[in-house]
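Q: I would like to learn how to read a fold from a model. Can we take one feature at a time?

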Amino acid sequence: LLQKVSIETLFTTVEENVKHRLEENHMILEREGTYKDLEKELDADLMTSFLINLINNSIMASEPGSTIFMGADRQSLWVRDQGCGIPSREVDKVRKAFYRVDKSRSRKSGNMGLGLALCEQIAAIHHAEMKIESEVLKGTKISWIERG
């Protein structure tokens, strides 16, 4: 159900959902971009899931004590980290269901490798695209970008 959603309200909902996991890992979630007073036509539940998925990936990819960034502007929403990054040859593969870059880590975490495949579907439902920018040892930024 697409409806006008305040991005600040969306971010607050997401923060409430990931707070415990961030605390467990001694991590901080910081907002960035021009999200204040921004509204978008979204399915709030799906976009909440989208952002939570990305933040959970960032938590797994980052060292304890790291900062993860969640942001928005007129064209996009994103989550970015300063974690281990994704090798360039793997960037397109991580969009596929059940694909994992680090096979050992995800088994321990119980991660099924569905997160980014689901995120790609959520972006498609919103007539948006999911863009992955990553550099090994520098971090990853995954964005939901409106088409048009």
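Predicted model: local features only at pLDDT ≥ 70, side-chain atom pairs only at ≥ 80, totals over all residues.

Q: Which residues of helix 4 are buried?
A: Here "buried" means under 20% relative accessible area. In helix 4, Gly115, Leu116, Ala117, Cys119, Ile122 and Ala123 are buried.

Q: What comes just after helix 4?
A: His127 does, with a positive phi of about 55 degrees. His127 is not a glycine. Its place is the loop between helix 4 and strand 6.

Q: Is His127 buried or exposed?
A: The cut-off for exposed is over 50%. His127 has a relative accessible area of 58%, so His127 is exposed.

Q: How should I read a sheet?
A: Begin with the general idea. Strands of a sheet pair through backbone hydrogen bonds, either parallel or antiparallel. Now the case here. Five strands form an open sheet in the order 2-4-5-7-6, and the pairing is mixed. Strand 2 (28–33) and strand 6 are the edge strands, and each pairs on one side only. From one strand to the next, the twist averages 15 degrees.

Q: How many bridges join strand 5 to strand 7?
A: Five bridges do, and these two strands run antiparallel.

Q: How do I read a nonpolar core?
A: Again, the general idea leads. In soluble globular proteins, nonpolar side chains tend to be buried together. In this model, the largest nonpolar core has 36 residues. Ile7 and Phe50 touch the most other members. Elements giving two or more residues to this core are helix 1, helix 2, strand 4 (67–72), strand 5 (76–80), helix 4 (115–125), strand 6 (128–135) and strand 7 (139–146).

Q: Which element gives the most to this core?
A: Helix 2 does, with seven residues.

Q: What does Ile7 touch, leaving out residues up to four places away in sequence?
A: Ile7 touches Tyr35, Leu38, Lys40, Leu42, Ala72 and Leu77.

Q: How far apart are Asp73 and Ile7?
A: In sequence they are 66 residues apart. In space they are 9.4 Å apart, C-alpha to C-alpha. Asp73 lies in the loop between strand 4 and strand 5. Its relative accessible area is 26%, so Asp73 is partly exposed. Beyond four places in sequence, Asp73 touches Thr34, Leu38, Lys40 and Trp78.

Q: How do I read two helices that pack?
A: Ask about distance, angle and hand. The axes of helix 1 (residues 7–24) and helix 2 (residues 44–61) come within 9 Å. They cross at roughly 35 degrees. Helix 1 passes helix 2 in a right-handed crossing.

Q: Which residues meet there?
A: From helix 1, they include Leu10, Phe11, Val14 and Arg21. From helix 2, they include Met47, Leu51, Ile55 and Asn56. By class, the contact has 12 nonpolar, four polar and one charged residues.

How values were computed:
Residues numbered from 1 in each chain as written. Heavy atoms only, no water. Axes fitted to C-alpha atoms, helices over the stretch in contact; angles between N-to-C directions. Helix = DSSP H or I, 4+ residues; strand = E, 2+ residues; numbered from the N terminus. Left-handed = near helix turned anticlockwise from the far one by under 90°. Contact = heavy atoms within 4.5 Å. Nonpolar A, V, L, I, M, F, W, Y, C, P; charged D, E, K, R; others polar. Core = buried A, V, L, I, M, F, W, Y, C linked by side-chain atoms within 4.5 Å. Buried < 20%, exposed > 50% of the residue type's maximum accessible area, 1.4 Å probe, protein only. Pairing = 2+ DSSP bridges.
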